[in-house]
Amino acid sequence: MNPAQRSAWLGSGAVFAAFVALWWAASHAGWISRVFLPTPEATLASLHEGLASGGELIAFMLATTARMLQGWLLASLMGVALGALIGVSPTVRATLQPTLEFVRPLPASALLPLAIAMFGLSPGMVLFVVAFGALWPVLLATVHGFAAVEPRLVEVAHCLQLSRAAFVWKIGLPNALPDILAGMRLSMTVSLIVAVVGEMIASQPGLGQAILLAARAFRASELFAGIALLGVIGFVSNALLSLAERKLLNWQSP
Amino acid sequence: MSLLSFDRVAIHLGGREILSPTSFEVERGEFVCIVGPSGCGKTTLLRAATGLVRASGGEVRRDGRPVTQPSREVAFVFQDYGRALLPWRTVQGNVALALEAAGVPPEQHAARIAEVLAKVGLAAHAHKFPAQLSGGMQQRVQIARCLAQRPQLLMMDEPFGALDALTRQSLQDEVARLVRDEGLTVLFVTHDLEEAIYLGDRVIMLQANPAPGRPSLARMLPVGIPHPRDQLGTKEHPEFLTLRRDLFAFIEHGHA
Amino acid sequence: MLDDHTPSAEYGKRPSGRVGPGLGRHGAAARALLRPWWFPSALLALFELYTRTLAKGSDSLAPPSAALRAFAGAFTDGSLFQATAFTLASAALGLAIGATLGVTLGIALGLSKRAARLSVVTVEMLRPVPSVALIPLAMLVFGFGLRMEFSVVAFATFWPMLLLTQAAVAQVDARLLEVSQVLGLSPLQRSLKIVLPAIVPRLFIALRLGVAVSLVVAVTVEIAANPNGMGYAMMIAQQSLDPALMLAWLGWIGVVGFAVNAAALRLQRWVARRMGAVA
C-alpha cells in the first residue's frame with residue numbers, strides 16, 4: 001500500500017473513531033438515555049461475554065448464519081436452474097414474466113404468515129421462507145441474463161452449428177454469469193433479513209430472537225452487541241461474494 | 001460444377017424487395033467481391049449464401065445442394081468483431097469454440113489452435129482476453145476462428161469497415177495471403193470500391209431499389225491483375241485504374 | 001440497416017425471409033393482452049380446486065374465492081383503508097427522511113473527493129447492518145406506532161440513496177463544474193443550480209429503488225413487531241385462523257407493491273423524457 005492510500009485509510013479510520021468518541025460522550029454525558037444508547041464499553045463487554053468460549057452469542061451467530069446460507073444456497077441453485085429454463089425460451093418468458101414481475105416487489109417476509117399456517121412455528125418453516133425470498137433476485141437475474149444474449153453470438157453459434165445444449169452451456173451461461181452473481185449478492189441480503197425476521201416471530205434461536213429479547217428486557221448493551229454482530233455477518237458475506245465475483249469475472253477488466 | 005451458385009435469388013424483407021432475382025456462379029478458389037451502396041442487399045446476399053437468411057425466390061446452391069441453413073463448411077466473418085467474440089474466453093478459447101462445435105477431440109485442440117494463431121500472427125497473444133486487444137487483433141481472432149473450421153467457403157461481411165486505414169491495409173494483405181495459402185474460396189462484401197478491386201478476382205456491383213429494367217445485379221467485372229498484389233504497385237496498374245473509373249462512373253451516372 | 005436481417009434471439013430457429021400467416025392484427029393484439037393472465041389464472045384455478053377438495057375446511061388455507069369475499073369485507077368495514085394508509089404513510093415518511101438525508105450527504109460526498117475518502121470506513125461499517133436488526137432498537141426507543149416504523153424505513157432507504165447520489169454526482173460532466181467555478185458560485189449555489197438539476201434523472205432511478213425498499217421494509221416491520229398496518233393485519237388474520245382474510249391481505253400487499261412500483265417507474269420514465277435520459 002502506497003503512502004497516499006495509507007493516509008487515506010488512516011484519515012477514514014480517524015473519522016470513524018471520532019464518531020465512536022461522540023458515541024462515548026453522548027452515552028456518558030446522558031445526552032441520550034443509557035436505556036437506549038449503551039456506552040461503547042458496555043457494548044464491548046457484552047460482545048466479549050457473548051463471544052467468549054461457551055458464550056451464547058457464538059451459537060446464535062452460527063444459527064443465523066447457517067439459516068441464511070442454507071436458504072441462500074438452495075435458492076441460488078433453484079434460481080439458476082429455473083432461470084436458465086425460462087430465460088432461453090421467449091415463449092415461456094413471455095408467459096411467466098408478468099407473474100414474475102408481480103412477485104418481485106412482494107416482501108419475502110410477507111410469506112411468513114402463510115408459511116406459519118402451513119408448517120407451524122418451526123426451523124423448517126423459516127428456512128422455507130428464507131429460500132423463497134432469496135429465490136426471486138437470482139431467478140429474475142438469471143432470466144434476464146439468459147434472455148439478453150448478444151444476437152451476434154447467436155449467429156456465430158448458428159454458423160458453427162453449435163447444438164442447443166452446447167449453446168446454453170458455452171454461451172448462455174457465461175453470458176448470464178455477471179447477472180447471476182449480482183442476483184446472488186442481492187439474494188444473500190434478502191436471506192439475512194428473512195432469517196432474522198423469521199427468528200423474531202417464530203422464536204427460533206439466533207441473533208434475531210436474541211436482540212428482540214434484549215430489547216424487551218431493556219438490556220441495551222446486549223441489543224447493540226447483537227446488532228453489531230449482524231452487521232459483521234452482512235459485511236463478511238457481502239465481501240466474500242464480491243471477491244468471488246471479481247475472480248470469476250476477471251475477464252471484464254483484465 | 002461451381003462451388004456456389006445463385007439461381008435467380010430474390011429477397012424480400014419487411015414487405016420490400018431488397019434483391020431482385022440475381023444469378024451468378026462462384027468457382028472454387030475464386031475471390032469474389034460484392035460492392036454497392038447502403039441498402040443494395042449485399043450483406044443480405046451474403047447471409048442468404050450462408051444460410052442465415054432464406055431467399056424469398058430462387059435458390060442458392062453449394063456443391064449442387066440447396067442452402068437452407070448454415071454449415072461448418074462455410075465460415076462467416078462479421079464486421080462487428082467485438083460482438084462476435086466471447087468476451088469471457090481468451091484468444092485461444094475463442095478459437096477453440098470452432099473446434100468444440102465440430103467435435104474435434106480435445107487432444108488435437110492445442111496443436112490446431114497454435115497452427116491457426118501462427119497463421120494470423122497472434123501466437124504471442126493466445127492468453128489475452130478480447131478486451132485487451134486492439135480492433136485489428138480482434139478481427140484477426142475472428143478470422144483465426146473461421147480458419148480453424150477448415151471451411152470450403154469464407155464469407156466476409158465488411159470485415160475491415162470498423163478499422164482505421166492503416167490496419168485495414170495490412171489486414172487486406174494478410175487475408176489475401178491466407179486465402180492463397182489455404183486455397184479458400186471467398187465471398188467478400190465491402191462498400192470500398194478500391195478494396196474490392198484490390199482483393200478480388202471478380203467484382204460484382206449491386207444497386208439499391210431494384211425495379212423492372214433495373215436489376216440488383218448491375219455490373220460483374222473480372223479483375224485480371226496478377227497476384228500477388230501490393231498496396232503501391234497494384235493501385236497504379238492500368239487495369240486497376242480502368243476498373244476503378246468504370247465502377248465509379250457507373251455509380252455517378254448509372255442510376256436511371 | 002436494410003442490409004442487416006437480424007435473426008430472432010431464439011436459438012435453433014430456422015431462418016425465414018417471409019412474414020408468416022397470422023390471425024390478423026386484432027387476433028394478435030388480443031392474444032398479447034391476454035397472455036400475462038394465463039399462468040396466474042391457471043395457478044389460481046388449481047389452488048381454488050385444491051382448497052375446495054383436498055384441503056377442504058383447512059385452518060391454514062382458503063380458496064381464492066373466499067379470500068376475495070374476505071377482501072370485500074375488509075374493504076367495506078374500513079380496515080383495508082386504515083391499514084393500507086398506515087403502511088403507505090410510514091413508508092412515505094421514512095423515504096422522505098432517508099432520501100433527503102441520503103441525497104444531501106450524497107451530493108456533499110460526491111462533490112468533495114476528500115470527504116468521500118474520509119467517510120469510507122464509517123459508511124462501510126454502518127451500511128451492512130440489516131435494517132431489520134434495528135427493529136428492536138426502534139421498538140425500545142419509540143414503542144409501537146408510526147415513528148418506530150418510519151425510522152427503520154429511513155435507515156434502510158438512507159444508504160442506497162446516499163450511494164447512488166454520490167455515484168450520480170461523480171458522473172456529472174466535469175465541464176459543468178468548471179462553469180460553476182468560473183462563475184464563482186458558492187457551494188450551496190453550485191449544488192442547487194448545477195449539480196441537483198444534472199443528477200435528476202439518476203436521482204429518480206435511485207428514488208424508484210428507494211420506493212421499493214421503503215414499502216418492503218415497512219411491511220417487514222409490521223410483520224416482525226409493529227401492531228399496525230397491512231403486515232400486522234395479515235399476521236392477525238393468520239393467528240385468528242382466518243386463512244381467507246390472511247390470503248386476502250397477502251394478495252392486497254402484492255397489488256399495492258406492484259402498483260406503487262409501477263407508478264414510480266412511470267414517474268421515472270416521465271422525468272427521463274423531460275430532462276433527458278441517463279447519458
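Into which domains is chain A divided? Select 1-35 for domain 1 and 38-252 for domain 2 of chain A; these bounds come from an automatic or database domain assignment.

Before going further, note that this is a predicted model, where local features need pLDDT of at least 70, side-chain atom pairs count only at pLDDT 80 or more, and totals for chains, interfaces and linings use all residues. Residues are numbered from 1 along each chain as its sequence is written, while chains are lettered from A and ligands numbered from 1 in the order in which they are written.

**Stop 1: inside chain A**

Colour the two domains of chain A separately. Their C-alpha centres sit 31 Å apart. Where they touch, domain 1 of chain A puts in seven residues and domain 2 of chain A five; two residues count as in contact if their C-beta atoms, placed from the backbone, lie within 7 Å. On the domain 1 side you'll find four nonpolar residues, two polar and one charged. Here Ala, Val, Leu, Ile, Met, Phe, Trp, Tyr, Cys and Pro count as nonpolar, Asp, Glu, Lys and Arg as charged, and the others, Gly among them, as polar.

**Stop 2: chain A against chain B**

Now bring up chain B. This contact uses 16 residues of chain A and 19 residues of chain B. On chain A, pick helix 7 (151-159) and helix 8 (164-202), which each supply at least two residues to the side touching chain B. Helices are DSSP runs (H or I, at least four residues), and strands are too (E, at least two), numbered from the N terminus. Helix 7 of chain A has the largest share of that side, six residues. By type, the chain A side splits into ten nonpolar, two polar and four charged.

**Stop 3: chain C on its own**

Hide the rest and show chain C. You get ten helices and zero strands. Of its 279 residues, 40% are buried, meaning that 20 or more other C-beta atoms lie within 10 Å of the residue's own, with C-beta atoms placed from the backbone. Take the contacts in chain C between residues at least 6 apart in sequence: 74% of them join residues at least 24 apart.

**Stop 4: chain C against chain A**

Conventions: Buried ≥ 20, exposed ≤ 12 C-beta atoms within 10 Å, placed from the backbone.
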